[in-house]
Amino acid sequence: MHDPRPIAWMNSDLAMFRDAVRRFLADEAVPNDERWQKQRQVDREFYLKAGSMGMLCPSIPEEYGGGGGNFAHEAIVNEELNYIGCSSFAQGVHGTICAHYILAYGNEEQKQRWLPKLCSGEWICAIAMTEPGTGTDLQAVKTRAIRDGDHYVLNGSKIFISNGQLADLIIVVAKTDPSQGAKGISLIVVEADKAPGFTRGRTLEKLGMHGQDTAELFFEDVRVPVANLLGSEGRGFAELMNQLPQERLTIAVGAQACIERAVGLTRDYVKQRKIFGQPMMELQNTRFKLAECETVSRVTRAFVDECVVKHIAGQLTPAEASMAKYWATDQLTRVIDECLQLHGGYGYMMEYAITRMYADTRVQRIYGGANEVMKELIARSL
Ligand SMILES: Cc1cc2nc3c(=O)[nH]c(=O)nc-3n(C[C@H](O)[C@H](O)[C@H](O)COP(=O)(O)OP(=O)(O)OC[C@H]3O[C@@H](n4cnc5c(N)ncnc54)[C@H](O)[C@@H]3O)c2cc1C
């Protein structure tokens, strides 16, 4: 389904990596994805396979077991997963987001302890910010990590956590000083197998992305060694803010790949579907709608690519990352809605790819910071 138009940040080495990822996913993800959706999570072994082929943490330095690449490698994995419509595998959360928190804020001992296991797929990682009472307003988190000797005592609950059931390592956003707002927040890393008092709730039933194990997590007097503090005590909010642009650009890259897939699928469908004795593609409305969608796709691709190039050069601003996330995901839901309409009743049947895309992608305007928040951040930069 991938449109072979030139991509600004690609080169011949990256093309080889893309081919390898595509072949791997065709062999290992495509035949299993339906089963993963039914069981509501991917197989743990898939992480090990993805780790050994080098697509789990492709931009973590080789000294920690990663691929030694850059954000372009992450973008390729993200695009290829979206081109095959695999929303089950949360590589973005595990490798593009969580592993980079550890790389950015971990001390040398922490990086050596955790990153090789994340790169190999032996351990799976999650990040737990959102709580039942607060999502957007992160400063208001209620989970507490109160110092007691050489441990923090963690109490609280988290919701909507991707990889929640599978995670071995969880970066928990907690207040180490509840008397403070943003300045009282720290990042505490919980190793699930060494955390009595840590429990997982049910896997949440979602509109789409059925193969992802989105879950509730509970912490009751969980004693976490102070050595598991990531970054500096009280700096957690600033640390989150510094990493969010990469998360937001990742969502934008995935959204753009979905737009391309939706337009490709729909173009193929309307060329073979006959209405009034002629292919639907002959009807002016079909032609105009597809022309609009393809134009949106090209324009969005140009901006997202510009942001990827800037991010690789270390020059992407938080406002630009917000623009990419807001724009690409808003356009995505618009384009998919138009494409689904062109499928008629078949667009409402789960056996059609466009239908699953409709359900899988709606969340993109909400997570990673709701698009309304993106507009606030953009406005602040004006
Ligand atoms: C499938 C899925 C996976 C997720 N994975 C994770 C994860 O791995 N880790 C994690 O920590 N969280 C995760 N989340 C949580 C996600 O990040 C939050 O749902 C999101 O930040 C919104 O928070 P909320 O749901 O509490 O909505 P609220 O904060 O209650 O916001 C509700 C709505 O209010 C509006 N709004 C918010 N702020 C403003 C504003 N400033 N101005 C105007 N309108 C506004 C928006 O329309 C928003 O959608 C996930 C969520 C989903 C659905």
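The entries below go from the whole chain down to single residues.

**Ground rules.** I am working from a predicted model, where local features need pLDDT of at least 70, side-chain atom pairs count only at pLDDT 80 or more, and totals for chains, interfaces and linings use all residues. Residues are numbered from 1 along each chain as its sequence is written.

**Whole chain.** I found 11 helices and 10 strands in the protein chain; these are DSSP runs numbered from the N terminus, with helices being H or I of at least four residues and strands E of at least two. The radius of gyration is 21 Å, close to the 21 Å from the globule rule for 382 residues, so the chain is as compact as a globular protein of that length. That radius is taken over C-alpha atoms, and the rule is 2.2 Å times the number of residues to the power 0.38. Along the principal axes, the C-alpha atoms fill a box of roughly 80 × 45 × 40 Å.

**Domains.** I have domain 1 (12–123), domain 2 (126–233) and domain 3 (238–380), with bounds from an automatic or database domain assignment. The centres of domain 1 and domain 3, over C-alpha atoms, are 22 Å apart. Where do they touch? On the domain 1 side, 18 residues are in contact with 17 residues of domain 3; contact means C-beta atoms, placed from the backbone, within 7 Å. Helix 4 (71–83) and helix 5 (91–105) each give two or more residues to that side of domain 1, and helix 4 gives the most, with eight.

**Ligand.** Which residues come nearest to the ligand? Of the 21 around it, they are Met129, Gly135, Thr136, Ser162 and Glu372; I counted a residue as near if its C-beta atom, placed from the backbone, lies within 6 Å. Strand 1 (125–128), strand 3 (151–161) and helix 11 (371–380) are the elements giving two or more residues to this shell. Domain 2 and domain 3 each supply at least three residues.

**Core.** The largest nonpolar core has 105 residues, and Ala128, Ile171, Ile188 and Ala262 have the most contacts inside it. Such a core is a set of buried Ala, Val, Leu, Ile, Met, Phe, Trp, Tyr and Cys residues joined through C-beta atoms within 7 Å. Helix 7 (236–272) gives the largest share of this core, 15 residues. I then checked Ala128: leaving aside neighbours within four places in sequence, its contacts include Ile161, Ile171 and Leu217.

**Helix 10.** In helix 10 (353–361), I listed Ile354, Met357, Tyr358, Asp360 and Thr361 as buried. The buried residues of helix 10 pack against helix 7 and helix 9 (318–342).

Most residues other than glycine have a negative phi. Asn163 has a positive phi of about 70°, and I found Asn163 in the loop between strand 3 and strand 4 (169–175). Asp221 also has a positive phi, about 50°, and lies in strand 7 (215–225). Buried or exposed? Asn163 counts as buried, with 25 C-beta neighbours inside 10 Å, whereas Asp221 is exposed, with 11 other C-beta atoms within 10 Å.

Terms used
Buried ≥ 20, exposed ≤ 12 C-beta atoms within 10 Å, placed from the backbone. Contact = placed C-beta atoms within 7 Å.
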